[in-house]
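The sequence and structure are shown first.

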Amino acid sequence: MRTLNEYLYKPVTAESLVFFRVAFGLIIFWDAVRHFQNNLIARYWLEPIYNFKYTGFAWVNALPAPYLYALWVGIALAGVAIVFGLYYRFATLYLTLTLCYFFLLEETRYLNHSYLIILICFWLIFLPLNQVFSLDARRLKTNKMQLPHWVLLLLQFHIALPYFFGGIAKLQSDWLHGQPLGLGLKARVDYPVLGKLFSFDWTALVFSYSGLFIDLLAVPLLLWKRSRPFIFVILVSFHYLNSHLFTIDVFPWFMIVGTSLFFEPDWPSKLYHRFRADPLWLKAVYLFTAVLSGGLAVYMHRFLNPVVFLIGGLACSLCLHGFRDLWQPPPIKEREAIKKSKFKHSLKKKLAQSLVALYIGLQLLLPLRHYLIPGDSLW
């Protein structure tokens, strides 16, 4: 047990966590802007005569138009506050409450990534991601270069959930027979170059089984350093294609950002210092491939979006960095720091560990609830 505690509380550099915080805030801001640009607030919650409610939440009703619009302005501002780490606790608490409110307003608009983002917003309230490279850290003078390992592990767990259980959910007869992808692909026969292939039944089977194995193997292959850059390239390509073929909003780009958490925690500084030390021709290769990948991301997204461009460019740079970092061991100083870290027992930590363990157990059981509740889980 002591070894487990030392593993959970050992200090890790917070660089990848800061990247996640900034990218997460940008995605939240973009999603809020998207709701205004596409008039989604009125379409989803004001124009419908009737909204279907979740069981037990029939009392949750849409506020008058000015208040709904004001709440989404607040969501956009909260996203910006998270980017800069300014009044971070208040911003994450506001996001959790407002996103949960809009989630409960209409049952038929359920999206798994909306549920996932609400869970992450909830945990960000307690995760000290504003203690590093943030305005809060400067304001409160609490700048820390390292955070406990459990902070990173908890976020990795949330990203692993949709991958693994997405694969489990595909282990049913419809998916194994090429549906519903078959219907979706045949509706996209006008797709450039590959469109003609979408009319064949075997294409749907190839896509179905590819998605199945990618989801099931993603987490194990991300955890192994030797296979990590290879599966990351596959996952980035997978999310690019999903963004182009299907309307799933911010989900592909959010998952690319989340998947970066499986790389070494110090990958941002390693990437930066390596880029500075590289010869000019190699810097040009990095920049060219990053711009090309960012442009491809915007093309696959089908809308000019600077956030998508940045995520695509950084994903490509991280891919290149991962392949170059395959055979480089972690710095000796970092290994020594981890060995010397000590864990101090306390009632508060034991209670926190119990609550987190209970939460993790609940999240692992919920996708399997159909074994306890009668009926078809697909409907």
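1. Contacts along the chain. Of the contacts in the protein that link residues at least 6 apart in sequence, 75% are between residues at least 24 apart; contact means heavy atoms within 4.5 Å.

2. Basis of the values. This is a predicted model, in which local features need pLDDT of at least 70 and side-chain atom pairs count only at pLDDT 80 or more, whereas totals for chains, interfaces and linings use all residues. Residues are numbered from 1 along each chain as its sequence is written, and side-chain values use heavy atoms, with hydrogens and water left out.

3. Overall dimensions. Taken along the principal axes, the C-alpha atoms fill a box of roughly 60 × 50 × 40 Å.

4. Secondary structure. The protein contains 18 helices and 2 strands. Both are DSSP runs numbered from the N terminus, helices being H or I with at least four residues and strands E with at least two.

5. Surface and burial. The accessible surface of the protein is about 20800 Å², and 71% of this belongs to carbon and sulfur atoms; areas come from the Shrake-Rupley method with a 1.4 Å probe, and for residues only the protein chains shown count as cover. Of the 379 residues, 46% count as buried. Buried means under 20% relative accessible area, exposed over 50%, and partly exposed in between (1.4 Å probe, protein chains only).

6. Charges. The protein has 35 positive and 19 negative charges, and their mean positions are 11 Å apart. Lys and Arg count as positive and Asp and Glu as negative, while His and the chain ends are not counted. Each charge is placed at NZ of Lys, CZ of Arg, CG of Asp or CD of Glu.

7. Nonpolar core. The largest nonpolar core has 88 residues, and F24 and F254 have the most contacts inside it. Helix α8 (residues 149-169) gives the largest share of this core, 10 residues. Such a core is a set of buried Ala, Val, Leu, Ile, Met, Phe, Trp, Tyr and Cys residues joined through side-chain atoms within 4.5 Å. With neighbours within four places in sequence left aside, F254 is in contact with F20, F24, I27, L116, I117, I120 and I159.

8. L364. This residue is found in helix α18 (residues 347-365). L364 is partly exposed because its relative accessible area is 36%. Beyond its neighbours within four places in sequence, L364 is in contact with F157, L161 and F165. L364 and F20 are 344 residues apart along the chain, with 23 Å between their C-alpha atoms.

9. L205. Helix α11 (residues 201-223) holds L205, which is partly exposed at a relative accessible area of 35%. Setting aside neighbours within four places in sequence, L205 is in contact with L176, H177 and G178. From L205 to Y67 the C-alpha distance is 47 Å, for a sequence separation of 138 residues.

10. F198. The loop between α10 (181-186) and α11 contains F198. F198 has a relative accessible area of 2% and is therefore buried. The C-alpha atoms of F198 and G184 are 9.0 Å apart, and the two residues are 14 residues apart along the chain.

11. Positive phi. Most residues other than glycine have a negative phi. N39, which is not a glycine, has a positive phi of about 55°; N39 is in the loop between α2 (15-37) and α3 (40-46) and is partly exposed at 36% relative accessibility. F133 also has a positive phi, near 45°. F133 lies in the loop between α6 (112-124) and α7 (135-140), and its relative accessible area of 48% makes F133 partly exposed.

12. V80. Within helix α4 (residues 65-84) lies V80, partly exposed with a relative accessible area of 32%. V80 and L135 are 55 residues apart along the chain, and their C-alpha atoms are separated by 12 Å.
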